[in-house]
There are 12 protein chains.
Amino acid sequence: MSGVYKMVEIVGTSTVSFAEATKEAVKRAGKTIRNMGWFEVVEQRGAIKDGAVSEFQVKLKVGFKLED
Amino acid sequence: MSGVYKMVEIVGTSTVSFAEATKEAVKRAGKTIRNMGWFEVVEQRGAIKDGAVSEFQVKLKVGFKLED
Amino acid sequence: MSGVYKMVEIVGTSTVSFAEATKEAVKRAGKTIRNMGWFEVVEQRGAIKDGAVSEFQVKLKVGFKLED
Amino acid sequence: MSGVYKMVEIVGTSTVSFAEATKEAVKRAGKTIRNMGWFEVVEQRGAIKDGAVSEFQVKLKVGFKLED
Amino acid sequence: MSGVYKMVEIVGTSTVSFAEATKEAVKRAGKTIRNMGWFEVVEQRGAIKDGAVSEFQVKLKVGFKLED
Amino acid sequence: MSGVYKMVEIVGTSTVSFAEATKEAVKRAGKTIRNMGWFEVVEQRGAIKDGAVSEFQVKLKVGFKLED
Amino acid sequence: MSGVYKMVEIVGTSTVSFAEATKEAVKRAGKTIRNMGWFEVVEQRGAIKDGAVSEFQVKLKVGFKLED
Amino acid sequence: MSGVYKMVEIVGTSTVSFAEATKEAVKRAGKTIRNMGWFEVVEQRGAIKDGAVSEFQVKLKVGFKLED
Amino acid sequence: MSGVYKMVEIVGTSTVSFAEATKEAVKRAGKTIRNMGWFEVVEQRGAIKDGAVSEFQVKLKVGFKLED
Amino acid sequence: MSGVYKMVEIVGTSTVSFAEATKEAVKRAGKTIRNMGWFEVVEQRGAIKDGAVSEFQVKLKVGFKLED
Amino acid sequence: MSGVYKMVEIVGTSTVSFAEATKEAVKRAGKTIRNMGWFEVVEQRGAIKDGAVSEFQVKLKVGFKLED
Amino acid sequence: MSGVYKMVEIVGTSTVSFAEATKEAVKRAGKTIRNMGWFEVVEQRGAIKDGAVSEFQVKLKVGFKLED
């Protein structure tokens, strides 16, 4: 993976699962970041409403290659 | 989120996924705890039987507001 | 759980979810390891392609009993 | 400190400082817990509103002696 | 271990060893908690008096099954 | 907190306290970032001059919502 | 300690103490591993039965020299 | 910061705040250490008396330059 | 170091050493960031090809002063 | 525990148990340090010889009050 | 990186640098492991003799693909 | 390694590499400490000047045997 990469940290949310929250976050990040290559899960949390899980939240680091 | 909150630690189990184990744990906690607001994933483990995952286990901290 | 156990570290991959990646890793480990009893999630990462999550990766420790 | 102790985890909030949030949390816990002896800071966070810190939040473990 | 479990954190003390402090803590917890299944060591500390160890202290998380 | 959030890491400084350093950092970040919602303390350090604390330094992660 | 070493992770159990669980694990590992030189404690847990500690469990990394 | 530095670990106490406890510890360390340059917060705890915080305790690492 | 600082996370790569990977990452970051003052190593990894290390990778946080 | 305290880090060894290694380390430290008040276990390791544990090693932080 | 991977933990040594110790460990591991793809640095230590560094030691996790 | 050991924490600096910074720190420590046996890397950081790495800094724990 020669070259230099940058990591950005984002938090995705989903009412369904941690996997969906991950996908949402990456899709959104892709609107402004090119060349994304990998992600790392940093934290998993969520919201509770009326005694039930109402939201899954995943904090991610996303790595992408810096252009020369 | 002014006020004071308490955290309790629980472990949920599911044969399906980490997300389901999380939901189960929160639902059960809600039987005796009111005002639950959020959860934090502390640990993810599971059981294996006959060479396959038989159970997903998620340890959570659940936060809820203490009444005045 | 009297006796002595060994832990091996493996990484599973899936295009669907962390739970599926976990199942894949355990299933593959079961080809050469007997008596597997539990797993512990060590790390969750993944690959991104064309601005979307292309792979979920889960690093696990798997514990199994050593025969006498 | 002979005997057995229990730890509970609480979160205090304050608009002023981390120290005040700590005091608030301990004071509230004292309404229902006797014999509290010490606390340990687990996490420090806060809320932001209109571009400024609006709340300091401190997550604490509080230890108290169990009566025989 | 299907079902939902709760973790409580306790600190045991002993003048003899970490193992004895662990046993003391669990025995005391058993006075009010049923269905305890496992413990996890969180921290090991102790007191010193007149230049010698006077007390071993073990902080534990104890897990027990919540009844339906 | 549905939607996607971004975290940025900043370090605030103050000659008075950790709380003031936190406020300074958030205020400065607000010059270029909109929709900031929360912060997390990552590290607390400081400078010493002539045998006394001359500066409190707080490293923070600040979370803010990404617009659609 | 020139040369290259390998670490394996094992879990020992004992009804007596963490020290005994450590000894058991190392003794068992020695049946198949030669040149073991040191161990590192990774985790200490245990089982509870009828309100009392029934088993001490120690997870270890064991290091041994690889032959040329 | 060329040269070699030494770190010492100290604990300061204050009835007022974590910041004051930090200042106290550094001031006391300055009685016997020259050339102190920075500190790092390692742990924040405190004492509770009669249901209220009676003392803030801050564990610090203090760095100072070794003279040639 | 009065003022407010920002941290960015980057990954440098080198076929030679961790030190070279660090230098590469900082040099590249300097193309778009002014006032860089320090870096912190977060992670060290690398790639293996044909049974030999083919690349050293260093993940860094880089701190730089925000202009007023 | 008003006042300022210093921590020193020591490693004790014993052929018997972690508890004995702890006692040895504290006893030795007491030859040159007065007012020792508590210890914290930082790490537990050991040596292996001829396929059996030959030594328990405990790394401790020891806290003692600095005189005014 | 679809498929399942295994991690092994090894320690390399060198009188020259951490990078050389890394290379040595990977080269040795390659004698018995095929398909090695990456490594992760877990720990860096070393030996001192006659008041100077005599050896750099690097503990690594090495990942390799399991064949179907 | 029977006996009791003490750890001291030092920070070495070098314009060349982490390995050189390590050597510098150990050499300097050897001026006042006898019987040094090993070191452990605690942290790696560095300074940046004019957009390039100007200094590698390594924080180490150094262990040495206490004489009887």
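The exercises below treat the interface of chain K and chain C.

The model is predicted, so that local features need pLDDT of at least 70 and side-chain atom pairs count only at pLDDT 80 or more, while totals for chains, interfaces and linings use all residues. Residues are numbered from 1 along each chain as its sequence is written, chains are lettered from A in the order in which they are written, and side-chain values use heavy atoms, with hydrogens and water left out.

**Exercise 1.** Determine the extent of the interface between chain K and chain C.

Solution. Begin with contacts (heavy atoms within 4.5 Å): 13 residues of chain K touch 15 residues of chain C. Next take the buried area, which is the accessible area (1.4 Å probe) that two parts lose on being put together, summed over both; here it is about 1,100 Å², and carbon and sulfur atoms give 52% of it. Finally, Met1(K), Val4(K) and Met7(K) supply 41% of the area that chain K buries against chain C, more than any other three residues.

**Exercise 2.** Find the salt bridges between chain K and chain C.

Solution. Apply the criterion, a side-chain nitrogen of Lys or Arg within 4 Å of a carboxyl oxygen of Asp or Glu. The count is two, and one joins Lys61(K) to Glu9(C) at 2.9 Å, N to O.

**Exercise 3.** Describe how β1(K) pairs with strand β1 of chain C.

Solution. Strands are DSSP runs (E, at least two residues), numbered from the N terminus, and two of them pair if DSSP finds at least two bridges between them. Strand β1 of chain C, residues 5-14, is joined to β1(K) by three bridges and runs antiparallel to it. Within this pairing, Tyr5(K) stands opposite Val11(C).

Methods
Helix = DSSP H or I, 4+ residues; strand = E, 2+ residues; numbered from the N terminus.
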